[in-house]
Amino acid sequence: MLINKTRINKLESQFKNLDIKEGDNLVVSLSDIGRFDNLNKIGFTEKLELNEQVLPAISSGLGRSSSVTRHNSEGSYIKRPDWGKETKYYQREFTRHEWRGRYRTEEVTDICTFSRERICREYIEPPSIELRIVEKEGNKIIIAAKEFRYKKDDEILKHTINLFLELFNECKILKGDLTELAALYDLKNIKRLNWEMLPEGEMPWETVEEQLNPILKQIKNTKKPADKARLEHIYSYKPTTVFYGKSGFNGYVGFEFKDFTILESLLYGNAIYVFNKNCIELTKLTKKEILDDNLHIKRIIHKDGWEKEVRDLFEN
């Protein structure tokens, strides 16, 4: 069944005239993928090789809207006035004049933490639906890297259909038993494209900074000095591996150390995440798993005192 529109609101209106029953196995797919010129923007390579898998980049769809890809990657927030107020922290570079005596002042620039009160937000976790290139009847197609059962998985199924519609303006629903669909979900040769590893070996910070430029150039000028200072500080502890996120993981920089891995969130969120996993294990996780409070062992907010919390990781 082909769905060709910008968005759906109810699954029943799409499936009411089809032979789809409760519990049926469904796959959301896209055929004849050579028609689309935004596949590289989404995160796939130029070669479009089989088993490439990626979390779609925000704003990589054919239309103007990016609400579905954004929610799919980063999640969303709902204002909760009934929860009261919360403090939001942010760091900026601040220049001031310090008194030096005898009518003389000196210009000083620091990274300062500012805060403001706001209505509490409830965080809605990202669905983190990734896309994969597979082969069906000798042709390359794109599928959602997740199977669905009609009625049981309706909410995430509707989200996935809308994800395809935002990216491609169409999708096709495939139906079949698990045996017929098993080949589409072969996990043996997945080529995940969400992360880029920097060359191994110790490098001066200036070299690392240059290689992280694809991310740094996206940061607002008012925010960039503070973000670069945090990255340089973490790098000063001499990680064994440095890596950064691409596509839907854009804005994350990772530092692997002997006993843990630090993941810095630059473009979205406001924190440093610490995991007791190596970088290979970490890059196999979905965005939803990475942001799950039960998975990271520590979360350090970007505010005064974060350097001490990082230092304590190494001293303890």
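**From values to terms**

Tutor: In this predicted model, Lys 151 sits in the loop between β10 (148–149) and α4.

Student: Why does Lys 151 count as partly exposed?

Tutor: The relative accessibility of Lys 151 is 38%. Buried means under 20% and exposed means over 50%, with partly exposed in between. The value of 38% falls between these cut-offs, so Lys 151 counts as partly exposed.

Student: What is the phi of Lys 151?

Tutor: Lys 151 has a positive phi of about 80°, although it is not a glycine. Most residues other than glycine have a negative phi.

Student: Which loop holds Ser 128, and why is Ser 128 called buried?

Tutor: Ser 128 lies in the loop between β7 (121–124) and β8 (131–136). Its relative accessible area is 6%, and buried means under 20%, so Ser 128 is buried. Ser 128 also has a positive phi, near 60°, and is a residue other than glycine.

Student: How do you know that the span of helix α4 agrees with its 15 residues?

Tutor: The expected span is 1.5 Å times one less than the number of residues. For the 15 residues of α4 (154–168) this gives 21 Å, and the end C-alpha atoms are 21 Å apart, so the two agree.

Student: What makes α4 largely enclosed by the rest of the structure?

Tutor: Of its 15 residues, 12 are buried, so α4 is largely enclosed. Among the buried residues of α4 are Asp 154, His 159, Asn 162 and Glu 166, as well as Leu 157, Ile 161 and Phe 168. Just after α4, Asn 169 takes a positive phi of about 65°.

Student: Why is one side of β13 and of β18 left without a neighbour in the sheet?

Tutor: The open sheet has six strands in the order β13-β14-β15-β16-β17-β18, with antiparallel pairing. β13 (195–197) and β18 (298–301) stand at its edges with a single partner strand each, so one side of each has no neighbour in the sheet. From one strand to the next, the twist averages 20°.

Student: How many bridges join β16 to β17, and how many pair β17 and β18?

Tutor: Four bridges join β16 to β17, which run antiparallel; Glu 264 stands opposite Ile 272 in β17. β17 and β18 also pair in the antiparallel sense, over four bridges, and Val 274 has Lys 298 in β18 as its bridge partner.

Student: What makes β17 mostly covered?

Tutor: Five of the five residues in β17 (271–275) are buried. Ala 271, Tyr 273 and Phe 275 point one way, while Ile 272 and Val 274 point the other way. In a regular strand the side chains alternate between the two faces of the sheet.

Student: Why is Ile 272 called buried?

Tutor: Ile 272 lies in β17. Its relative accessible area is 0%, and the cut-off for buried is under 20%, so Ile 272 is buried. Leaving out residues up to four places away in sequence, Ile 272 touches residues including Arg 230, Ile 234, Ile 262, Trp 306 and Val 310. Ile 272 and Ile 301 are 29 residues apart in sequence, with 6.4 Å between their C-alpha atoms.

Note on methods
Residues are numbered from 1 along each chain as its sequence is written. This is a predicted model: local features need pLDDT of at least 70, side-chain atom pairs count only at pLDDT 80 or more; totals for chains, interfaces and linings use all residues. Side-chain values use heavy atoms; hydrogens and water are left out. Two strands pair if DSSP finds at least two bridges between them. Helices (H or I, at least four residues) and strands (E, at least two) are DSSP runs, numbered from the N terminus. Axes are lines fitted to C-alpha atoms, for helices over the stretch in contact, and angles run from 0 to 180 degrees between N-to-C directions. Buried means under 20% relative accessible area, exposed over 50%, partly exposed in between (1.4 Å probe, protein chains only). Contact means heavy atoms within 4.5 Å.
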